[in-house]
Amino acid sequence: MSFPSRYLRIPALAFSAFLAAIAFLLAPLVASAQAYVGNPKLIVIVVIDQFRGDYLNRDAAEFKGRGFNLFMKEGAWFTDCYYDYANTKTAPGHSTIGTGAYTDGHGIESNEWWDPARSYDHQVSSVEDERYELVDLPHDSIPANQPGAPSTAPKFVIGASPLNLRATTLGDELRLATQGRARVYGVSLKDRAAILPAGQAANGAFWIDPISGQFTTSTYYMQHLPDWAKTFNASGRIQQAERDANVDTATTEFYELVGRTPAANSYELDFTKALIEGEHLGQHGVTDLVVVSLSANDIQGHQFGPDSEFEEQMIVSLDHDLDNFFTWLDGSIGLKNVWLALTADHGIAPIPGDAAKLGVHGAVVNMDKVYDKLNAELNKRFSKAGEKQTYLLPNPDLPYVYLDQRAFKKAGVDEKTAEEAVAALLPEAVASQDSNPLPFIKDNPPTIVQPSGHRLDPGPRIQYVYTRLQLAGGQLPPSEWGTLLAHSYADHGNWFVMMILDAYQMAGVSPLAGTNHFTPWNYDRHVPLAFYGTPFKPGEYHQLVQPVDIAVTFASLAGVNRPSAAVGHVLVEALKPGINGEQ
Ligand SMILES: [Zn+2]
């Protein structure tokens, strides 16, 4: 932004008076920045990717030291924290934690979506931004579209930024309140989970190159990694993580193979220590902020489900790593100078076969078959004789089914007619899979059997369908359910239908292995919420709270504005009396 030209024509004398006036005007601003006394020195929000709210209770007997126990025994632990929207995915969840808003406030509806203004070749990710590049990648990981790429360049990768985030975060508000003196960072294995909770004005967000495991960032933040990050990448810590995970140190699949093991959590937390040390966080006389999102649990959880022994091992191991990290924080900055929060971006469903085995209506829907059926019906209804069109955009990212508006427009069909047609056809297209009942594993050694004893219809079933126009126009029931749906909507220029399967049903997995999260049902919305720090009254709290309460509670305690679109409540029930907990 430049000054309008009239300011440049001010005569010299008047100009010095102008400068004096500016200095006068700035004086109270500087003073007000100093009024933020830097209590605490550092806020750390720990996000566990895919961690259901009941896990802490389930595995409590195994926790040692001051890992999870720091929150559960010395902090304020909320057992009933539920997201109040249907978009239970990584990108919207992390955006909600940072902004204290839901999708209708922060604009992030999923991990990726079809954006007709940007591309019909692929779904754009929530953070991809073609104006930026990834920074300091190892040679073998430089993608084909960046300078210096090897001839065997792996794939087309572009930079990332919070371009789709339409609200400020707690970190942004700390930066604004201190005229940039507060320093704000995000860390994760995943780009979206590092970028979105940190915000637009963050000093940096770091995530890994999935091939090598090296930490990288985007030119949105900086042209090169800071020296401490380069040192970390070159320190042999990657190879140590590979050895800890029993993975070949020559692997080119760090994200997949190491990322799904407990070794990835200690790897990320060690990087976070290097960040706090390297950027001298907690030593600026203002409140700095780090959001660290631990991805390993999600990567392994999708494969093995919430009830596997791997999940238990991951949690017990993470408890140990958190104990180590908090002990380190105590020794470096002092826990009395730090406020901590623990939460997750979403929960998870059990593997559908496990749910079906117990008699719950678990089922798997094959979306390829659903799409074939829908396209056939839509062609019958809308295409000219002999003409065949593809009316749906590929790779549905449930709960959304995206329509190809080019095909409908070509057939002279408007959005309302198109979405209503798809919405009307979907229940039948899904239910017609009844003939393919869900098998499940029985006993050990496993035998695959048909659930002949299943007391319910074994097929998948749609519970609700909403068109984009219904969601955009607020044509929703005047109930808590209607509020939840309203919180789930953002406009990205696409046409879509929201499809909600019965609970414990899903697409994109085998009935026997693998699970997912994407629904408005409670198991996907239930996450832990706990705080530790001087303002908080230790205890176990059972009232219903939401992840949107984190950013506003911290904003209130730090004495800064709540983020621009925040809708949460300050959790006053867990606060000690007096300013910042001083009695
Ligand atoms: Zn996930």
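Analyst: Within β8, Leu 294 is the bridge partner of Ile 48. This pair belongs to a set of seven bridges that join strand β1 (residues 42-48) to β8, and the two run parallel. Strands here (E, at least two residues) and helices (H or I, at least four) are DSSP runs numbered from the N terminus, and two strands pair if DSSP finds at least two bridges between them. The model is a predicted one, in which local features need pLDDT of at least 70 and side-chain atom pairs count only at pLDDT 80 or more, while totals for chains, interfaces and linings use all residues. Residues are numbered from 1 along each chain as its sequence is written, and side-chain values use heavy atoms, with hydrogens and water left out.

Strand β8 also pairs with strand β5 (residues 184-188), again in the parallel sense, over five bridges. There, Ser 188 has Ser 293 of β8 as its bridge partner. Strand β8 (residues 288-294) is largely enclosed by the rest of the structure, because seven of its seven residues are buried, that is, under 20% relative accessible area, where exposed means over 50% and partly exposed lies in between (1.4 Å probe, protein chains only). In a regular strand the side chains alternate between the two faces of the sheet. Both faces of β8 are covered: Asp 288, Val 290, Val 292 and Leu 294 are buried on one side, as are Leu 289, Val 291 and Ser 293 on the other.

Several of these residues meet Ile 45. Leaving aside residues up to four places away in sequence, Ile 45 touches Leu 289, Val 290, Val 291 and Val 292, and its other contacts include Ile 97, Leu 170, Ala 341, Ile 550 and Phe 554; contact means heavy atoms within 4.5 Å. Together with Phe 68 and Leu 329, Ile 45 has the most contacts inside the largest nonpolar core, which has 169 residues. Such a core is a set of buried Ala, Val, Leu, Ile, Met, Phe, Trp, Tyr and Cys residues joined through side-chain atoms within 4.5 Å.

The zinc ion has as its protein donors Asp 298 (OD), Asp 298 (OD), His 302 (NE2) and His 517 (NE2), which lie 2.0 to 2.5 Å from it. Donors are N, O and S atoms within 2.8 Å of the metal (3.2 Å for Na, K and Ca), and water is not among the atoms, so sites may look incomplete. The donor residues follow the spacing D-x3-H-x214-H in sequence. The site is irregular, with angles of 55 to 160° among its four donor atoms. Four donors count as tetrahedral if all angles lie between 85 and 135 degrees; four count as square planar and six as octahedral if opposite donors are over 155 degrees apart and all others between 65 and 115; anything else is irregular.

Elsewhere, an open sheet of three strands is ordered β11-β15-β14 with antiparallel pairing. Its edge strands, β11 (400-403) and β14 (462-467), each pair on one side only. Between β14 and strand β15 (residues 495-501), which run antiparallel, there are five bridges; Val 465 stands opposite Met 499 in β15. Helix α17 (residues 415-431) lies across β11, β14 and β15, at about 25° to β15. Axes are lines fitted to C-alpha atoms, for helices over the stretch in contact, and angles run from 0 to 180 degrees between N-to-C directions.

The loop between α15 and β11 contains Pro 399, which a cis peptide bond joins to Leu 398, with omega about 20°.
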